[in-house]
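Here is a short briefing on one protein chain. Look over the sequence and the model, then read the points below.

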Amino acid sequence: MRARVGSTCIKRYGPRYAHQANPDHGVWVAEMIRARADQAERQARLNVEFDRATAAYPGLVAAWEAERASETGRLRRDARRRAAPMLVSSIAACVASVVVAGFFG
């Protein structure tokens, strides 16, 4: 009855399974603990980096706005505005030549 090996006992109490320790499970648990520690360390480094970037952001925005308001920034914007139509037309010409070559080639 203790071993639950008879047909009557198995029907009444259910089988008693022999449990064996899985050595791979111990290895897996150790790897999981290391992976979680590595993840926590990496997350801490990333949090510090994010905090630095967040703290520096207002200064970078102020510098960008000052540069944009300066004479140099105005000249750059004007140069970009003049160059944009030329860039679009040159891209259109390149695409057209490729399409025509592909169509007739």
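N22 caps the N-terminal end of helix 2, with a side-chain oxygen 3.0 Å from the backbone nitrogen of D24. The model is predicted. The protein chain has three helices and zero strands.

- Helix 2 covers residues 23–69.
- Its 47 residues should span 69 Å at 1.5 Å a residue. The end C-alpha atoms of helix 2 are 68 Å apart, so the two values agree.
- Helix 2 has a kink of about 35° at Y57.

**Nonpolar patch**
- W28, V29 and I33 make a nonpolar surface patch of about 300 Å².
- I33 is part of helix 2.
- Is I33 buried or exposed? I33 counts as exposed because its relative accessibility is 56%, and the cut-off for exposed is over 50%.
- In general, residues three or four places apart in an α-helix point the same way, because there are 3.6 residues a turn.

**Whole chain**
- Along the sequence, the pattern of the protein chain reads α-α-α.
- How many of the 105 residues count as buried? The share is 4%.
- The protein chain exposes about 9,600 Å². Carbon and sulfur atoms supply 63% of that area.

Notes: Residues are numbered from 1 along each chain as its sequence is written. This is a predicted model: local features need pLDDT of at least 70, side-chain atom pairs count only at pLDDT 80 or more; totals for chains, interfaces and linings use all residues. Side-chain values use heavy atoms; hydrogens and water are left out. Patches are made of residues with over 30% relative accessible area and no salt bridge: like charges are joined within 9 Å, nonpolar side chains (Val, Leu, Ile, Met, Phe, Trp, Tyr) within 5 Å. Accessible areas come from the Shrake-Rupley method with a 1.4 Å probe; for residues, only the protein chains shown count as cover. A salt bridge is a side-chain nitrogen of Lys or Arg within 4 Å of a carboxyl oxygen of Asp or Glu. Helices (H or I, at least four residues) and strands (E, at least two) are DSSP runs, numbered from the N terminus. Buried means under 20% relative accessible area, exposed over 50%, partly exposed in between (1.4 Å probe, protein chains only). The expected span of a helix is 1.5 Å times one less than its number of residues. The bend at a residue is the angle between axes fitted to the seven residues ending there and the seven starting there. A polar contact is a pair of N or O atoms within 3.5 Å; within protein, one must be able to donate a hydrogen and the other to accept it, and residues adjacent in sequence count only if both atoms are side-chain atoms.
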